[in-house]
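This report describes selected features of one protein model. Please consult the sequence and structure shown here while reading.

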Amino acid sequence: GGISFANTDGTNTTPGPEGANPIWLDAENLLVTGGGGLQRVRADGEERATLVGSSSVTLPSLSADKQKIAYLDGNLGHVFVSGVLGERQTRVLPRDLSSGLTANSRPSLSPDGGWLLVEAGPFLYLAPTDGSGPPLPVVGSEGVSQPAWVFEGGLESPPSISVSGYE
C-alpha cells in the first residue's frame with residue numbers, strides 16, 4: 001500500500017512513499033515506514049528525508065514529547081530508539097544479542113520518552129530508552145499484547161474497534 005497527500009478539498013493529490021504505519025510528528029511532518037526505511041515526509045509532499053535506511057523498519061512509535069521515536073526491525077525483532085531526526089540510534093531490545101529476546105509488537109514509549117514497553121514472547125518488557133539497563137519482564141504481564149502508556153502512569157491495552165456498514 002501507499003500513502004497519498006491532498007488538500008482538504010481533495011485537490012493536489014501527490015503520492016507519498018510506499019509503506020504503512022504513518023504517525024504525525026507535527027502539523028507539517030509525517031513519519032512513515034516503507035520506501036527503504038523510516039522517512040520524515042512533509043504533508044505537502046515537497047520534502048522527504050530518510051531517518052533510518054533499513055527496509056525492514058516497521059511499527060514506529062513517537063514519544064509524547066515528540067523527541068524520540070522507537071521502531072521495530074521486522075527482520076530481527078530488535079527494537080531501536082532514536083531522536084526524531086534519526087540521531088543517537090540505540091538498540092534497546094535485545095540489549096544483549098545472546099539473550100535471543102525478540103519483540104513482536106509495536107514498542108510504546110513512556111510520556112517522557114525515558115522508558116520503552118514492548119511485547120516480547122509471552123511477557124511485556126520494560127527497558128530504559130538510553131540502553132543503560134537490560135529489558136526486564138513486567139510481572140503479571142503474561143499474555144498481554146499491544147501495550148500503551150496512560151498518562152496517569154498505568155498500562156492499558158488499546159480498545160477493540162469494529163467498523164461496519166461499509167461495502
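The sections below cover the basis of the model, a sheet, the nonpolar cores and one serine.

**Basis**

This is a predicted model, in which local features need pLDDT of at least 70, side-chain atom pairs count only at pLDDT 80 or more, and totals for chains, interfaces and linings use all residues. Residues are numbered from 1 along each chain as its sequence is written, and side-chain values use heavy atoms, with hydrogens and water left out.

**An open sheet**

Four strands form an open sheet in the order β7-β8-β9-β10, with antiparallel pairing. Strands are DSSP runs (E, at least two residues) numbered from the N terminus, and two strands pair if DSSP finds at least two bridges between them. β7 and β10 stand at the edges with a single partner strand each, so one side of each has no neighbour in the sheet.

β9 and β10 pair over three bridges; Val-79 has Leu-93 in β10 as its bridge partner.

**Nonpolar cores**

A nonpolar core is a set of buried Ala, Val, Leu, Ile, Met, Phe, Trp, Tyr and Cys residues joined through side-chain atoms within 4.5 Å; buried means under 20% relative accessible area, with a 1.4 Å probe and protein chains only. The largest such core has 14 residues, and those touching the most other members are Val-79, Val-81, Leu-93, Ala-103, Leu-116 and Val-118. β12 gives the most to this core, with three residues.

A second, separate core of 12 residues includes Leu-38, Val-57, Leu-62 and Val-84.

**Ser-56**

Ser-56 lies in the loop between β6 (48-52) and β7 (57-62) and counts as buried because its relative accessibility is 11%. Its side chain makes a polar contact of 2.9 Å with that of Asp-73. A polar contact is a pair of N or O atoms within 3.5 Å; within protein, one must be able to donate a hydrogen and the other to accept it, and residues adjacent in sequence count only if both atoms are side-chain atoms.

Conventions: Buried < 20%, exposed > 50% of the residue type's maximum accessible area, 1.4 Å probe, protein only.
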